[in-house]
Amino acid sequence: MYKYLSGLIALLLVMGCTASWSRFVADYEGQKIRVSGKLTDTDRIIVKINEETVISDWIVIDHEGQVEGSYKARNIKVECRRDPVASMSRHTFCEVFLQQQKIGELFFDVAGIEF
């Protein structure tokens, strides 16, 4: 019984510290750029363009949330919204904008207990 309980507690701790990654390749001004993002269960978002971190911040996603950063002196904006799912999975959809031009979308499915 003790081993079972210890395993369950370990699983809950791992679920409470999960992150979800998303990646895509986009065209911007004739160049291919690689965009990737990570969202943790504490709503810390990290967005990279060509492996350079352009956003590293917490985002408040009640219905919609946004954070901003820069890439080579150009504005980056990420707007996120969460599907209202009544489960332990939190499906989050983010749109990435470079100089007000939408360059792609990030999809996250973060498992964790939201309080």
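Read along the sequence, this chain runs α-β-β-β-β-β-β-β-β. That makes one helix and eight strands. Both kinds of element are DSSP runs, numbered from the N terminus: a helix is H or I over at least four residues, a strand is E over at least two.

The model is predicted, so local features need pLDDT of at least 70 and side-chain atom pairs count only at pLDDT 80 or more, while totals for chains, interfaces and linings use all residues. Residues are numbered from 1 along each chain as its sequence is written, and side-chain values use heavy atoms, with hydrogens and water left out.

## The chain as a whole

The chain has 115 residues, and 38% of them count as buried. Buried means under 20% relative accessible area, exposed means over 50%, and partly exposed lies in between (1.4 Å probe, protein chains only). Now take contacts, meaning heavy atoms within 4.5 Å. Among contacts between residues at least 6 apart in sequence, 30% join residues at least 24 apart.

## The disulfide

How many disulfides does a search of the whole structure find? The search finds one. A disulfide here is a pair of cysteine sulfur atoms within 2.5 Å. The partners are Cys80 and Cys94, with their sulfur atoms 2.0 Å apart. Cys80 sits in strand β6 and Cys94 in strand β7 (residues 89-98), so the pair ties together parts that are 14 residues apart in sequence. The link of Cys80 and Cys94 is right-handed, with 110° about the S-S bond. Are Cys80 and Cys94 buried or exposed? Both are buried.

Phe93 is buried, at 14% relative accessible area. Phe107 is partly exposed, at 49%.

Arg44 is in strand β3 (residues 44-49). Its relative accessibility is 23%, so Arg44 counts as partly exposed. Leaving out residues up to four places away in sequence, Arg44 touches Lys38, Leu39, Ser56, Asp57 and Trp58. The C-alpha atoms of Arg44 and Ile55 are 9.9 Å apart, and these residues are eleven residues apart along the chain.

Glu64 is in strand β5 (residues 64-71). Glu64 is exposed, at 59% relative accessible area. Which residues does Glu64 contact, leaving aside its neighbours within four places in sequence? They are Cys80 and Arg81. Between Glu64 and Arg81 the C-alpha atoms are separated by 4.5 Å, although the two are 17 residues apart along the chain.

## Positive phi in a loop

Next come two residues in the backbone. Asn50 lies in the loop between β3 and β4 (52-58). Glu51 lies in the loop between β3 and β4 too. Neither row below is a glycine.

| Residue | Phi | Relative accessible area |
|---|---|---|
| Asn50 | near 50° | 27%, partly exposed |
| Glu51 | about 70° | 56%, exposed |

## The largest pocket

Rolling a probe the size of a water molecule over the atoms shows where empty space is left. A pocket is an open set of points on a 1 Å grid over the protein atoms alone, where a 1.4 Å probe fits, with protein on both sides within 12 Å along at least five of seven lines; lining residues have an atom within 4 Å of a point. The largest pocket holds about 160 Å³ of space. That volume is the space filled by probe spheres set on the points, which are joined across faces, edges and corners.

Its lining is Glu68, Asn75, Ile76, Lys77, Phe97, Gln99 and Gln100. Strand β6 (residues 74-82) gives the largest share, three residues. By class, the lining has two nonpolar, three polar and two charged residues. Ala, Val, Leu, Ile, Met, Phe, Trp, Tyr, Cys and Pro count as nonpolar, Asp, Glu, Lys and Arg as charged, and the others, Gly among them, as polar.
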